[in-house]
Amino acid sequence: MIRLSTWFYNLTILVVVIAASVAVSTVVLRDDDGGGIGVNLGLDLQGGSYLLLEVDMDSVVQERMDNLGETIRISMRNSRIGISNLSVNSDRLSFQLRDELQFIEARDILNGLIAPEMRVTISENTLSVAFDETGLSQLTTMTVGQAIEIVRARVDETGTKEPVIQRQGNNRILLQLPGVDDPEQVKSLLGKTAKIGFQLVDISASAESVKASGRVPPGSELLPSRDNPDEHYLLNKRVMVSGEMLEDARPSFDGQTNEAVVSFTLNSTGAERFGRVTGQNIGRPFAIVLDNEVISAPVIRSQIFANGQISGGFSVDETNELSLLLRSGALPAPLLVVEERSVGPGLGSDSVRAGQVASIVGLAGVALFMISSYGMIGCLAVIAVFINMLLLYGQLSILGATLTLPGIAGIVLTIGMAVDANIIIFERIKEELRAGRKLATAFKTGFNQATGTIIDANLTTLAAALFLYFLGSGPVKGFSVTISVGVISSMFSTIIVMRVLLAIWINTIKPESILISKQDIGAN
Amino acid sequence: MALLRLLPANLNIPFMRGRLYSSVFSALLVAGSIIFWLIVGLNTGIDFRGGFVIEVKTLEGAANVEELREELGDLNLGDISLQEFGSEREVLIRVQSQDEGMATDLSDANKQAIQLVQEQIADRYEIRRTEFVGAVVGDELRRNAFYAVIAALGSIMIYIWFRFEWPFAISAILALAHDIITTIGLFSLTGIEFNLATVAALLTIAGYSINDTVVIFDRIRDNLKKYKSWDNDTIINTSLSQTISRTLMTSITTLIALLAIYFFGGAVLGGFALAMIWGVLIGTYSSIYVASTILSRFDLRPSDDDDMLPTHERNDPKS
């Protein structure tokens with residue numbers, strides 16, 4: 001008779017019942033669209049795309065510096081301070097003073113112009129401006145935060161089910177799109193910053209002559225046409241109405257030409273400005289600029305306020321995309337795709353099937369081997385493995401873990417390795433019995449001695465698995481999670497559940513001996 | 001009930017007699033692995049090198065890899081490798097990153113290359129998977145993998161160091177190094193893709209191999225206390241004989257699971273399963289031979305017994 005304390009007994013049963021009910025309920029209660037708690041299928045199993053986007057901070061810094069340079073030029077000119085060699089070298093702006101005596105004045109003006117996160121350094125008569133480190137990291141945090149909001153707005157509108165959008169590391173955005181196996185559309189949406197602006201065309205000179213001479217009048221800029229990169233427009237640099245003033249944009253059709261256009265509505269500030277500019281410039285062409293390309297430059301025929309439309313020989317798809325981009329707002333920086341993994345639904349469901357078959361074959365093989373090696377006790381070990389699976393699944397559900405194909409491999413491997421602990425215990429008990437000990441004593445010593453070994457052995461696997469978690473991208477992380485959880489639940493299911501199972505079995509059947517035949521007893 | 005019996009009870013196998021052969025074998029294996037690793041190198045996948053992979057499946061019938069190779073070769077995309085993947089209908093196309101060295105992102109060149117490949121074969125093949133890793137991310141993944149391996153091995157070593165006296169610790173760590181190096185050697189020799197999943201396998205092998213060694217060393221330590229007059233070889237032979245049945249049983253169940261993954265788990269897991277299978281075999285061998293052979297060379301019973309114990313156990317009367 002093997003005696004176990006009642007609380008030990010009850011506690012074990014309680015844990016197993018809770019795990020089992022969690023496991024079962026997550027399977028039963030799961031909604032069809034995969035919502036609710038429970039184990040989620042990874043993108044490699046359900047099909048979908050994983051995109052790692054990098055926010056191009058270099059270009060943000062460059063742009064800020066370029067703008068600052070323009071402001072400095074104007075302010076210094078207004079204060080009659082002569083400067084030369086103003087240049088922007090990636091993240092650093094520098095210029096020289098013609099007259100060193102104006103040094104203090106120039107420095108004070110400069111300090112008034114720069115953003116708080118920038119710092120001025122001075123050597124001889126050269127002044128330079130750069131972001132300081134904390135300032136740059138603040139700027140990065142803010143820019144990535146804004147970019148995430150806009151990415152979310154754009155992706156949500158494509159109707160992707162439950163996209164995951166999260167910041168990763170310092171300047172990256174992780175995007176997971178379940179069910180999207182060809183992310184081209186999403187990438188094309190995210191590939192455009194969609195900065196829109198309305199600028200007056202500079203009619204003081206023709207674009208051709210400026211292009212030929214290469215001398216752009218101050219305050220103007222030369223931008224290419226979207227339809228024909230060789231065709232250019234000369235525009236006033238000043239943006240009269242910008243994208244932030246847009247309230248809404250919808251695809252529609254021009255009432256007269258039946259051409260696909262984007263209709264937009266401006267907010268009150270925008271409408272007021274638009275009205276003023278259009279009222280004062282009737283007869284002058286007004287350019288619509290998207291990401292530094294001129295979409296079109298229609299001539300203003302009458303004063304326009306809040307509502308207008310953008311035409312430019314668009315197809316219907318293009319107006320859909322453009323209006324979506326305008327609604328979501330401009331990205332604060334270009335996004336670069338630095339990693340992309342997409343899996344089609346065919347491969348996904350093949351992988352699910354492969355994972356199922358491998359699990360079943362693995363489980364069956366191990367079960368068969370255990371039963372043929374240890375007989376009835378082997379059956380108990382197989383039951384313990386099943387309980388282990390329930391515990392494992394229950395834990396994964398509670399954690400809301402994502403199951404990937406390597407994750408399934410981790411589970412199958414756990415099956416193979418989990419019986420190890422049982423084997424250690426069985427072999428220990430066998431030895432004790434061979435040494436002539438009584439069943440109850442052998443049971444107790446076997447478990448006690450084996451427990452230390454089992455914990456030792458599993459801790460090393462756990463350590464390896466934990467480090468793997470920090471290494472991995474999605475699928476490998478899944479492996480690390482299932483192995484770690486598997487190791488923990490297999491220790492529990494062997495050291496504790498197996499002890500209870502074996503005790504119940506011995507107490508019910510009352511065998512004379514277990515694991516070894518009678519002639520082996522005392523042979524050692 | 002007639003039970004399957006791998007080994008008779010009460011074995012006493014003189015394992016240490018084979019020590020010379022095993023030492024030569026292991027030395028050759030390790031040396032060969034290192035030489036291969038240095039000369040041939042590893043077939044690193046896009047995870048570590050950057051580039052893209054497209055897995056395709058024919059709409060019907062077997063894939064014509066040769067024809068595909070010629071067609072895609074005509075696209076001038078540089079180094080393209082094709083490989084049958086899983087079944088005769090599936091092909092894995094690996095293309096180096098376009099625009100040399102600058103391909104940190106899915107730039108136009110890479111986008112075009114992927115599109116070119118997809119368009120070229122779209123009429124006969126279904127695209128099952130596309131993966132792109134930029135050069136910078138590839139570098140980061142490689143660095144992270146390196147750190148993860150170092151950190152995992154380091155923590156295992158620290159654990160072993162605390163857990164065992166130093167002769168045991170050194171033997172266990174050398175056996176672990178043996179397993180890791182020969183697994184890398186296997187990848188170098190066979191040219192199977194070395195990627196993130198392989199690193200996962202390496203770490204799991206490390207955990208598994210040390211696990212095996214710990215069980216055997218535990219027993220050796222017990223027996224050292226039990227049989228004060230026995231010499232090293234007798235102690236080690238006895239301990240190995242006592243644990244051999246567990247060692248084999250565990251290896252077999254793990255191998256059953258791994259074989260199931262290898263044969264039924266799909267081609268994506270193939271490399272991982274193969275690395276693990278090798279790791280279990282070599283890990284089992286090294287626990288018996290490498291770790292124990294090295295251990296047998298140490299003086300396991302110095303005159304002053306306390307010298308061998310780690311500091312934290314010295315004042316414990318039980319040990």
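Helix α7 of chain B covers residues 196-226 and reaches 45 Å from its first C-alpha to its last, close to the 45 Å expected at 1.5 Å a residue, where the expected span is 1.5 Å times one less than the number of residues. Helices (H or I, at least four residues) and strands (E, at least two) are DSSP runs, numbered from the N terminus.

This is a predicted model, in which local features need pLDDT of at least 70 and side-chain atom pairs count only at pLDDT 80 or more, whereas totals for chains, interfaces and linings use all residues. Residues are numbered from 1 along each chain as its sequence is written, and chains are lettered from A and ligands numbered from 1 in the order in which they are written.

### Confidence

The model scores ipTM 0.81 and pTM 0.79. The mean pLDDT (the predictor's confidence in each residue, from 0 to 100) of chain B is 82, and 87% of the residues of chain B reach 70 or more. Within chain B, confidence is highest in helix α1 (residues 19-39), at a mean of 92, and lowest in helix α4 (residues 108-121), at 74. Over residues 306-319 of chain B pLDDT stays under 50, and the model has 10 contacts beyond four places in sequence for them. Where pLDDT is low, the predicted coordinates should not be read in detail.

### Domains

An automatic or database domain assignment supplies the bounds. It divides chain A into domain 1 (6-45 + 344-520), domain 2 (48-168) and domain 3 (191-340), and gives chain B domain 1 (15-42 + 138-313) and domain 2 (51-133). The C-alpha centres of the two domains of chain B lie 39 Å apart, while those of domain 2 and domain 3 of chain A lie 24 Å apart. In chain A, 17 residues of domain 2 are in contact with 13 residues of domain 3, contact meaning that the C-beta atoms, placed from the backbone, lie within 7 Å. On the domain 2 side of that contact, α5(A) gives the most, with 7 residues.

### Contact between the chains

The contact takes 63 residues from chain A and 62 residues from chain B. The largest share of the chain A side, 17 residues, comes from α10(A). By class, this side of chain A has 35 nonpolar, 17 polar and 11 charged residues; Ala, Val, Leu, Ile, Met, Phe, Trp, Tyr, Cys and Pro count as nonpolar, Asp, Glu, Lys and Arg as charged, and the others, Gly among them, as polar.

### Strand pairing

Two strands pair if DSSP finds at least two bridges between them. The pairings below include one that joins the two chains, between β18(A) and β4(B).

| Strands | Sense | Bridges |
|---|---|---|
| β1(B) and β3(B) | antiparallel | 6 bridges |
| β2(B) and β3(B) | antiparallel | 6 bridges |
| β18(A) and β4(B) | antiparallel | 5 bridges |

In β3(B), B:V95 is the bridge partner of B:F52, and B:R94 stands opposite B:S81. β2(B) and β3(B) form a hairpin with 1 residue between them, and B:G86 in the turn has a positive phi of about 90 degrees.

Note on methods: Two residues are in contact if their C-beta atoms, placed from the backbone, lie within 7 Å.
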